[in-house]
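Opening the notebook on a new model today. I want to go through it piece by piece and jot down what I look up.

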Amino acid sequence: MEKLQAAIEKARIQRQENQGQDPSAVPQPVPQEPVAKPVPKKPAWDELAEADLNARTLRKNRLVSQAGGKDAGPYDMLRTRILQQAQNNGWKRVAIVSPHSGCGKSTTVANLIFSFGRQKDLRTMVLDCDLRRPSLGKLLGVPCEHNMRAVFEDKISFAEHGLRVGQNVAIGINDGPTGNSAELLQSQSTTKILDGIEKTYNPDIMLFDMPPLLVSDDNFAFLKNVDCALLLVEAGKTTVKQVDVTERHLAELTNVMGVILNKCHFSESAYGY
Ligand SMILES: Nc1ncnc2c1ncn2[C@@H]1O[C@H](COP(=O)(O)OP(=O)(O)OP(=O)(O)O)[C@@H](O)[C@H]1O
Ligand SMILES: [Mg+2]
């Protein structure tokens, strides 16, 4: 054994002498090629493009809750009530529904974007599911190139289409109306894509701006995908019969979170508030 080790050492010294090296030098480690460290993936929310908002457009479209304060009061109160109901019942997906058109669903949902946005500890997702007459993008004054149909049909990902308002609200808007919405809204693809979006972005609450319930079958097709619906009616316009019929339909389709009376001119205001 000792003979073998001596022979190996002698061979090493000879090899180094032949190469013109100092045999007493300590062998240096061969420099390694630098290995690229994996770049940590950016969180999905950070990757969403930020919506470019214009304060004048918002105000023109009755979006009054951006800056908070007195004007935002009713929407902040609605936000807080929605959150309480959702947390108490373990609900996450809330559809905003009305019996007929023009009750103020989209305006309310758009205002809630900012009210929820000010709730910094929460992540909120708002999707325009009125595919026949979408208006959320127009109200916000934000153009877009695609629509939620393409997302639900898996032609484009939410990561490419969705936008971020501030740090903690994600919106899915539409570039224009599309047809055959009921078929799409009740498809398995829509259910699957929604589940995927929820899994990726893990929002605390999801709001869906819906078309009016009594004028098409879109709500009947889609509401199986939500946990509850909030019924919004228009003061002085929606009849008691319409409220009654819509509420009964909703109760068959999902949980009814409550009823909002919108555009009400008479409200009690407490001094100083
Ligand atoms: N609280 C409110 N006070 C006064 N006007 C309002 C209020 N909310 C909404 N509006 C107005 O009512 C009209 C209809 O609003 P909006 O488009 O939000 O209704 P909608 O329920 O989404 O209608 P659709 O069913 O056709 O989508 C708009 O002109 C909007 O500015
Ligand atoms: Mg609308």
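My entries below go from the overall count to the ligand, the sheet and a few single residues.

**Ground rules.** I note that this is a predicted model, where local features need pLDDT of at least 70, side-chain atom pairs count only at pLDDT 80 or more, and totals for chains, interfaces and linings use all residues. Residues are numbered from 1 along each chain as its sequence is written, while chains are lettered from A and ligands numbered from 1 in the order in which they are written.

**Overall.** I get 12 helices and 8 strands for the protein; helices (H or I, at least four residues) and strands (E, at least two) are DSSP runs, numbered from the N terminus. Of the 273 residues, 35% are buried. Buried here is 20 or more other C-beta atoms within 10 Å of the residue's own, exposed is 12 or fewer, partly exposed is in between, and the C-beta atoms are placed from the backbone. I also looked up contacts, meaning C-beta atoms, placed from the backbone, within 7 Å of each other. Among contacts with a separation of 6 or more, 82% are between residues 24 or more positions apart.

**Ligand 1.** I find 15 residues around ligand 1, and the closest are Ser101, Gly104, Lys105, Ser106 and Thr107. The cut-off for being near is a C-beta atom, placed from the backbone, within 6 Å of the molecule. By type, the shell has 2 nonpolar, 8 polar and 5 charged residues. Which helix gives the most to the shell around ligand 1? That is α5 (residues 105-117), with 3 residues.

**Helix α5.** I checked its length: at 1.5 Å a residue, the 13 residues of α5 should span 18 Å, and the end C-alpha atoms are 18 Å apart, which agrees. The expected span is 1.5 Å times one less than the number of residues. I count 13 of the 13 residues of α5 as buried, so the helix is largely enclosed by the rest of the structure. Ile113 sits in this helix and is buried, with 26 other C-beta atoms within 10 Å. Leaving aside neighbours within four places in sequence, Ile113 is in contact with Val126, Val165, Val169 and Ile171.

What is the strand order in the open sheet of 8 strands? I read β1-β4-β5-β3-β6-β2-β7-β8, with mixed pairing. The edge strands, each pairing on one side only, are β1 (49-50) and β8 (255-262). Pairing takes at least two DSSP bridges between two strands.

- I find 7 bridges between β7 (residues 228-234) and β8, in the parallel sense, and Glu234 has Asn262 of β8 as its bridge partner.
- β3 (residues 124-128) runs parallel to β5, joined by 4 bridges, and Met125 is partnered with Ala170 of β5.
- β4 (residues 163-165) pairs with β5 in the antiparallel sense over 3 bridges, with Leu163 bridged to Ile171 in β5.
- In the hairpin of β4 and β5, with 3 residues between the strands, Gly166 takes a positive phi near 65 degrees.

From β5 (residues 169-172), I see Val169 and Ile171 pointing one way and Ala170 and Gly172 the other way, and all are buried. Helix α12 (residues 240-253) lies across β2 (93-97), β7 and β8, at about 170 degrees to β7. Axes are lines fitted to C-alpha atoms, for helices over the stretch in contact, and angles run from 0 to 180 degrees between N-to-C directions.

**Loop residues.** Arg62, in the loop between α3 (55-60) and α4 (69-89), has a positive phi near 65 degrees without being a glycine. I get 14 other C-beta atoms within 10 Å of Arg62, so it is partly exposed. Asn180, in the loop between β5 and α9 (181-185), likewise is not glycine and has a positive phi, near 45 degrees. Buried or exposed, with 10 C-beta neighbours inside 10 Å? Asn180 counts as exposed.

Notes
Ala, Val, Leu, Ile, Met, Phe, Trp, Tyr, Cys and Pro count as nonpolar, Asp, Glu, Lys and Arg as charged, and the others, Gly among them, as polar. Two residues are in contact if their C-beta atoms, placed from the backbone, lie within 7 Å.
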